[in-house]
Amino acid sequence: MQRLLQLLFTFSVIAIIVAIIAMLTSGDQLFNSYFSMDLLLNISHSPCSCKGVELSSKLPEENLNAFVNRRAKEFRQHQTRTAANLNKIILAMPNSPLQYPIHGLTVPPMMKSGIPGLALHADTRDKYEVSLSVQKGVLSVKNDLKEVQVEGQDQSALTISSTRLDLLNHLLSRVMYTSTVYHIRSIDLVYFSFENYEAAFPITISRPAVPVLYDPGEDINSLVTITTKTFVRYAELKVLIESIRKFYPAIKIIVADDSLKPETVSGSNIEQYIMPPGQGWFAGRNLAVSQVTSKYFLWVDDDYVFHEKTSIESFVKIMEAVPELDVLGGAVGGNQFYFNLKYDEGDEDEGGCITRYFRKVHSPLPGFDGCYLVDGVVNFFLARTDAVRRVGFDPFLNRMAHSEFFIDGLGALMVATCKGLSVGHQKKKKTALYNKFRHHNDPKGKLAHHYFKNHLKCIKF
């Protein structure tokens, strides 16, 4: 009887062990099948909507299909030109023995560069074998170890194997990558695998940019240029210049002038640039900013007036303390105009949606009371010359335009607004000629322009 009980106990233990092994085997199969999943997820955008103008209703009826097709082609080319960032989500698998760099690896094009941080952390095996592969380059490793085998030198796929983990990791630390296609901004993906474990990580291929610096000089006159655009308002311009000279007698003033009958603007350190008549607001801005040689420029309208509280130094103090800022706005006649932009990219076919929200901020600017990060400010701002030149002012917008510059600069310009930075506004004078040219005479054409240029479906100002 005792012998029978021992046999039953033994069979029970064996059954339990077999069940456990079966569960572990099943778990391994599930785990291994999980690792066979694609490591990349596509990023897609759903169609957007807003309560503004549907721009497709403002398109020119003549040759409409050709117009829409041109927009689609230009948008595809835009995506190709700006695809420096990987437009996929990379998944990191759990409990992986693979070590690799997940971010920050940047290499110059077509130059051999090391891949730091590669390693394998695995339990004891009879043999260890890892594989790496790339799409836009080749891999190599200097191997002076007899106990390590390497296949695929200077090819897109490299395999390293050894019976010793320490030697394999030694070679992994020496793996080199070389891109084979020249591009100044690109991304390659490295696939790294061991047995059923897989990983993927990006390599940024980037040509280093040469810095372009502005000598700030030793005073405000060499650090800032005042810029403005004028059209037939010479009386107001004279008041502006006189007020500037009261507080800043030596600072450079640049005037872009597209008046119908230009008049000479004279004075010390004033540069007047005559344009073809009626070229418009943004064309004049482009011209004025193109002639700036200082680190910053202060934009003012030609009917502003400086007063005791107009302090360019206060602007500069904040901009110098926060180098990430590109544009810093103040207040005009007590009006601290600013706004945020809500932008939804939408899908590739219809385009995006954008809505402007007045007096909405993103967050306070750390360290400066009364300052807030926003997307757009009033026409009284200090700006980094190089940053604004990269965005530019669209000369198509030759009449009323302001927010459009900040739409073009969304994602490229860091913008803030601050209380206490102010300038006065002269009393408005009725000028029939000026008013005739001020207002846009083709609002439908302007909206069609946004549809094409900004790839928008809907806009709400």
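Analyst: Let us start with burial: Cys-50 is buried, and Cys-458 is buried as well. The term stands for under 20% relative accessible area, with exposed meaning over 50% and partly exposed the range in between (1.4 Å probe, protein chains only). The model is predicted, so local features need pLDDT of at least 70 and side-chain atom pairs count only at pLDDT 80 or more, while totals for chains, interfaces and linings use all residues. Residues are numbered from 1 along each chain as its sequence is written, and side-chain values use heavy atoms, with hydrogens and water left out.

User: What share of the residues in the protein is buried?

Analyst: Of the 461 residues in the protein, 43% are buried. The secondary structure comprises eleven helices and 28 strands; these are DSSP runs (H or I, at least four residues, for helices; E, at least two, for strands), numbered from the N terminus.

User: How many disulfides are there?

Analyst: A disulfide is a pair of cysteine sulfur atoms within 2.5 Å, and by this rule there are three. Counted along the chain, the bonded cysteines pair in the pattern 1-3, 2-6, 4-5.

User: Which parts of the chain do Cys-50 and Cys-458 tie together?

Analyst: Cys-50 and Cys-458 form a disulfide with an S to S distance of 1.7 Å. The disulfide is left-handed because the torsion about its S-S bond is about -90 degrees. Cys-50 sits in the loop between strand 1 and strand 2, and Cys-458 in strand 28 (residues 456-460), so the pair ties together parts 408 residues apart in sequence.

User: Where do Cys-48 and Cys-353 lie?

Analyst: The sulfur atoms of Cys-48 and Cys-353 are joined at 2.1 Å, and the link is right-handed, with 80 degrees about the S-S bond. This pair links distant parts of the chain, 305 residues apart: Cys-48 belongs to the loop between strand 1 (40-42) and strand 2 (53-54), and Cys-353 to strand 22 (residues 351-358). Both Cys-48 and Cys-353 are buried.

User: Are Cys-371 and Cys-418 buried or exposed?

Analyst: Cys-371 and Cys-418 are both buried. They are joined by a disulfide, S to S 2.0 Å, and this link is right-handed, with 120 degrees about the S-S bond. Since Cys-371 is in strand 24 (residues 371-374) and Cys-418 in strand 27 (residues 415-425), the pair ties together parts 47 residues apart in sequence.

User: What covers the buried residues of helix 11?

Analyst: The cover includes strand 2, helix 2, helix 9 (403-408) and strand 28. The buried residues of helix 11 are Gly-445, Lys-446, Leu-447, Ala-448, His-449, His-450 and Tyr-451. After helix 11 comes His-455, with a positive phi near 50 degrees.

User: Which side chain does that of Thr-230 contact?

Analyst: A polar contact is a pair of N or O atoms within 3.5 Å; within protein, one must be able to donate a hydrogen and the other to accept it, and residues adjacent in sequence count only if both atoms are side-chain atoms. The side chain of Thr-230 makes one with the side chain of Asp-302, at 2.9 Å. Thr-230 lies in strand 15 (residues 224-230) and, at 0% relative accessibility, counts as buried. Beyond its neighbours within four places in sequence, Thr-230 touches Leu-237, Val-255, Ala-256, Asp-257, Asp-258, Ser-259 and Asp-302.

User: Where is Ser-161 placed?

Analyst: Ser-161 is in strand 11 (residues 157-162), and is buried with a relative accessible area of 7%. Its C-alpha atom is 4.1 Å from that of Glu-129, a residue 32 places away along the chain.

Notes:
Contact means heavy atoms within 4.5 Å.
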